[in-house]
Amino acid sequence: MPANLTPQYLEVEKRFREAKGTEEKLAALEEMLAVIPKHKGTEHLRGDLKRRRAKLKDDAEQARRRKGGFSIAVDSEGVGQVVLVGPPNSGKSALVAILSKASTEVGEYPFTTRKPIAGMMPYVNIQIQLVDLPAVSDTYMEPWVPSLVRPADLCLLVGDLASGAVLEELEQVLAILERSKVKLVSLGDAEAPAIGWARKRAILVANKMDAPGADDTLEILRSVYESRFPIVSVSAQTAQGLEALRRMIYDNLGIVRVYCKPPGEEPSMKSPVVLPRGSTVLEMAESIHKDFAHQLKFARIWGSGKFDGQRVQRDYVVQEGDIIEIHI
Ligand SMILES: Nc1nc2c(ncn2[C@@H]2O[C@H](COP(=O)(O)OP(=O)(O)OP(=O)(O)O)[C@@H](O)[C@H]2O)c(=O)[nH]1
Ligand SMILES: [Mg+2]
C-alpha cells in the first residue's frame with residue numbers, strides 16, 4: 001500500500017536529516033510521528049520511527065547520566081499526560097501535590113521547582129499523569145520547559161488570583177511558549193499546526209480563589225480569556241473547585257472510556273478501555289488485541305442511547321460509557 005506522505009511530513013523529515021544533536025533529532029522525530037498520516041500504508045514506517053525514537057531517548061538519557069544531570073523527558077503514564085505551566089508562585093506545585101499526592105516542593109519564594117515532578121491523579125477508574133514544571137517567566141526560566149509542554153496531551157495554564165499582575169504574567173507565559181512555537185488552544189481547536197508548531201490544548205486554572213479580592217480578579221481573567229480557554233477557579237489551599245478541575249481535565253483529554261464484555265459474561269467496569277474520542281468499534285477491538293481486528297464480525301452495544309444489546313457494525317463510533325460485546 002502506498003504511504004502517500006504529505007508535504008508537511010516530508011518537510012519535517014528533511015529537518016530530521018539535517019538535525020545535529022540528539023535533542024534536535026528527537027524533537028523532529030516527535031513531530032514526524034505527530035504529522036505522519038495514520039493508515040495501513042505507513043504502518044511500517046511508523047513502527048520504524050518509534051524504534052528510532054526509543055533509541056534516541058536511550059542515547060539522550062545515557063548522555064545525561066554521564067554528565068550527572070537528570071532526565072528532562074518525562075515518560076507518559078496512565079491515560080494521558082497533563083503538564084502545569086505558569087508564572088512563578090502561582091501554585092502549580094501545590095496543585096500537583098493535592099491532586100496527585102506526588103511529593104513536590106511548595107515554596108513561598110518564586111522558582112521553587114527546578115525540575116519536572118510527575119504524579120498520578122486518580123480519576124474514577126483511571127489514572128492521569130500530572131507533571132509539575134518550573135516557572136515560565138522572562139526573569140528566569142529553565143530553557144527546556146517548553147520542550148516538555150510539546151509532547152503533553154493537555155496543559156494547565158495556572159494563573160495566580162492573589163497576584164496584582166496576573167494578566168501580564170499569563171501573557172508572558174503564552175508569549176514565551178510561542179517563542180518556542182508552542183501555542184495553547186482550546187479543545188475545539190481543529191486548525192492544523194503550521195510546520196514546526198505544536199498546538200496544545202489548555203485549560204486556564206485560576207488558583208488561590210481563597211485570596212482577598214480573588215473574585216474581582218477572576219472576573220477580569222474571564223473577560224479576557226473566556227473565548228480562548230475553558231476556565232476553572234480553584235484553591236489548592238481550601239480544595240475549592242478541585243472536583244470541577246478533575247472533571248475538566250478528563251473532559252479535555254479528548255478520550256472516552258468504554259467497557260469490554262465477553263459474550264455471556266458481565267463487563268468489567270473497573271478496567272475501562274481508553275480510546276481517543278471518535279474511535280470505532282474496530283479500533284477498540286484493535287486496541288485490545290491486533291488479531292481481534294481481522295476477526296471482528298460485529299458488536300453489541302449497551303449505552304450510547306442505543307437499545308440495549310443493539311447490534312452495530314465495525315465502523316460504529318463508540319461513546320463514553322458504552323459496554324461493548326465483541327463477536328469474532
Ligand atoms: N492562599 C493560597 N496560597 C496558595 C495556594 N496555592 C499555593 N499557594 C501558596 O503560593 C506559594 C507558591 O506555591 P507553589 O505551589 O510553590 O507555586 P509554584 O507555581 O509551584 O511556584 P514555582 O515552583 O516557584 O514556579 C506557596 O506559598 C503556597 O503555599 C492557594 O490556593 N491559596
Ligand atoms: Mg513549583
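These legends accompany close-up views of a predicted model.

**View 1. Helix α2 and its length.** Helix α2 covers residues 22–35. At 1.5 Å a residue, its 14 residues should span 20 Å.

**View 2. The buried residues of α2.** Buried positions on this helix are Lys25, Leu26, Ala27, Ala28, Leu29, Glu31 and Met32. An α-helix has 3.6 residues a turn, so residues three or four places apart point the same way.

**View 3. Helix α1 against α2.** Helix α1 is formed by residues 7–18. Its axis and that of α2 come within 9 Å and cross at roughly 165 degrees. Angles over 145 degrees count as roughly antiparallel, and α1 is therefore roughly antiparallel to α2. The crossing of α1 past α2 is left-handed.

**View 4. The shell around ligand 1.** The shell holds 24 residues. Gly91, Ser93, Ala94, Thr113 and Ala135 come nearest to the ligand. By class, the shell residues are nine nonpolar, 11 polar and four charged. Helix α4, residues 92–100, gives the most to this shell, with three residues.

**View 5. Serine 93.** Serine 93 sits in helix α4 and is among the residues that come nearest to ligand 1. Its C-beta atom has 25 C-beta neighbours inside 10 Å, so serine 93 counts as buried; the cut-off is 20 or more. Glycine 107 is 14 residues away along the chain, and the C-alpha atoms of serine 93 and glycine 107 are separated by 8.5 Å.

Note on methods. Residues are numbered from 1 along each chain as its sequence is written. Chains are lettered from A and ligands numbered from 1 in the order in which they are written. This is a predicted model: local features need pLDDT of at least 70, side-chain atom pairs count only at pLDDT 80 or more; totals for chains, interfaces and linings use all residues. Helices (H or I, at least four residues) and strands (E, at least two) are DSSP runs, numbered from the N terminus. The expected span of a helix is 1.5 Å times one less than its number of residues. A residue is buried if 20 or more other C-beta atoms lie within 10 Å of its own, exposed if 12 or fewer, and partly exposed in between; C-beta atoms are placed from the backbone. A residue is near a molecule or strand if its C-beta atom, placed from the backbone, lies within 6 Å of it. Ala, Val, Leu, Ile, Met, Phe, Trp, Tyr, Cys and Pro count as nonpolar, Asp, Glu, Lys and Arg as charged, and the others, Gly among them, as polar. Axes are lines fitted to C-alpha atoms, for helices over the stretch in contact, and angles run from 0 to 180 degrees between N-to-C directions. Angles under 35 degrees count as roughly parallel, over 145 as roughly antiparallel, 65 to 115 as roughly perpendicular and the rest as oblique. A crossing is left-handed if the near helix is turned anticlockwise from the far one by less than a right angle, and right-handed if clockwise.
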